[in-house]
Amino acid sequence: MFNLTYEFKLKPTTGQTAIFEDWLEQCRRVYNYALAERKDWFKSRSCQINACSIRSEFIIRAETKRPTYASQCQSLTTARANIPALAAVQVHVLQQTLKRLEKAFVSMWEQKHGFPRFKKAGTMRSFVFPQLGVNPVQNQAVKLPKIGLVKFHQSRPIPDGATIKQARIVRRVSGWYVMLTLQWDVSAPNLMPHGEGIGIDVGLTNFIATSNGLLVKRQRFFKDAERKLKLLQQRVCRKKLGSNNGRKAQKKVAKLHEYVANSRKDWHRKLVVLFCK
């Protein structure tokens, strides 16, 4: 299998934007509730038997099993039957949120990452549709389950023979984006080496140094924007917490960060094209 991810900018209507925001909030609540359930179970098992703090640890029965992805999916089914706000969200989207939490715990156990944290309001930025219908892209619009056709700016054509496996909806300061995962039922060919070999070294002073004497200087996108970023962050600190002016100032900071990230990504892609010629 060969996978690629294509990113396009969405052009949702006002109603669709409201649905996206509501679904992100519901995903955040499901994530926090599932995390609290797991955290309470761990706390109840970490305290001493004869010195359990009722204030900071819940007393959970000894035969209660550790919450897992499967058990929390079953609890989610019961919750969706009783909570209309959860029932309005596509079930696979909520299940992917629980899977994200499961991956966070696996990373904590296997890769020594920190304990997962609760997400504040507005910090959940994406949700995933793991399954799409037949022919989901039609006339520069993507058909999402329970939402319908959402227009997007198709900056490049989707290759023939590719199957769209999933779609991730991402909220950024510049708008909404969709990331389509394309899959081909082929294997990458094993090419035989040909031509003249070139050694490439990645460093700090020079971003790339090749064996034939080519030096590519490291671009300082963040360094160039650091002074402006400092001024914008100072303005954020002077605003009242939670005010409209504070949110506007934070939006300007986020736009500058996105500009730096896009500039760095664009430079990397142009550099790759230069070396592939």
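Helix H6 makes the greatest contribution to the lining of the second largest pocket, with 5 residues. The structure is a predicted model, in which local features need pLDDT of at least 70 and side-chain atom pairs count only at pLDDT 80 or more, while totals for chains, interfaces and linings use all residues. Residues are numbered from 1 along each chain as its sequence is written, and side-chain values use heavy atoms, with hydrogens and water left out. Helices (H or I, at least four residues) and strands (E, at least two) are DSSP runs numbered from the N terminus.

**Pockets**

- A pocket is an open set of points on a 1 Å grid over the protein atoms alone, where a 1.4 Å probe fits, with protein on both sides within 12 Å along at least five of seven lines; lining residues have an atom within 4 Å of a point.
- A volume is the space filled by probe spheres set on the points, which are joined across faces, edges and corners.
- The second largest pocket has a volume of about 410 Å³.
- Its lining consists of 15 residues, and those closest to the centre of the second largest pocket are Glu7, Phe8, Ser155, Lys265 and Arg269.
- Strand E1 (2-10), strand E6 (175-184) and H6 each give two or more residues to the lining of the second largest pocket.
- By class, the lining of the second largest pocket divides into 3 nonpolar, 4 polar and 8 charged residues; Ala, Val, Leu, Ile, Met, Phe, Trp, Tyr, Cys and Pro count as nonpolar, Asp, Glu, Lys and Arg as charged, and the others, Gly among them, as polar.
- The largest pocket holds about 930 Å³ of space.
- There are 27 residues in the lining of the largest pocket, and Gly122, Arg125, Gln250, Lys251 and Ala254 lie nearest its centre.
- At least two residues of the lining of the largest pocket come from each of strand E5 (163-172), helix H5 (221-238) and helix H6 (244-276).
- H6 supplies the largest share of the lining of the largest pocket, 12 residues.
- The lining of the largest pocket comprises 8 nonpolar, 9 polar and 10 charged residues.

- Thr97 belongs to helix H4 (residues 91-110).
- Thr97 counts as buried because its relative accessibility is 4%; buried means under 20% relative accessible area, exposed over 50%, and partly exposed in between (1.4 Å probe, protein chains only).
- The side chain of Thr97 reaches the backbone oxygen of Val93 at 3.2 Å, a polar contact being a pair of N or O atoms within 3.5 Å; within protein, one must be able to donate a hydrogen and the other to accept it, and residues adjacent in sequence count only if both atoms are side-chain atoms.
- Leaving aside residues up to four places away in sequence, Thr97 touches Cys27, Tyr31 and Met124, where contact means heavy atoms within 4.5 Å.
- Gln16 lies in helix H1 (residues 14-46) and is buried, with a relative accessible area of 12%.
- A polar atom of the Gln16 side chain lies 3.1 Å from the backbone nitrogen of Thr13, and a polar atom of the Gln16 side chain lies 2.9 Å from the backbone oxygen of Leu149.
- Gln16 also touches Ile147, Leu149 and Val150, not counting residues up to four places away in sequence.

**Cysteines**

- The whole structure has 0 disulfides, a disulfide being a pair of cysteine sulfur atoms within 2.5 Å.
- The closest cysteine sulfur to that of Cys27 is in Cys73, at 13 Å, which is too far for a bond.
- Cys27 is buried, with a relative accessible area of 0%, whereas Cys237 is exposed, at 68%.

**Loops and backbone angles**

- Most residues other than glycine have a negative phi.
- Lys112, although not a glycine, has a positive phi of about 60°.
- Lys112 is placed in the loop between H4 and strand E2 (126-129) and counts as exposed, at 71% relative accessibility.
- Asn135 is not a glycine either, and has a positive phi of about 50°; Asn135 is found in the loop between E2 and strand E3 (141-144).

**Separations along the chain and in space**

- Gln219, in the loop between strand E9 (215-217) and H5, is partly exposed, with a relative accessible area of 38%.
- Gln219 and Lys252 are 33 residues apart along the chain, and their C-alpha atoms are separated by 23 Å.
- Val202 lies in strand E7 (residues 200-202) and is exposed, with a relative accessible area of 59%.
- Val202 and Cys276 are 74 residues apart in sequence and 17 Å apart in space, C-alpha to C-alpha.
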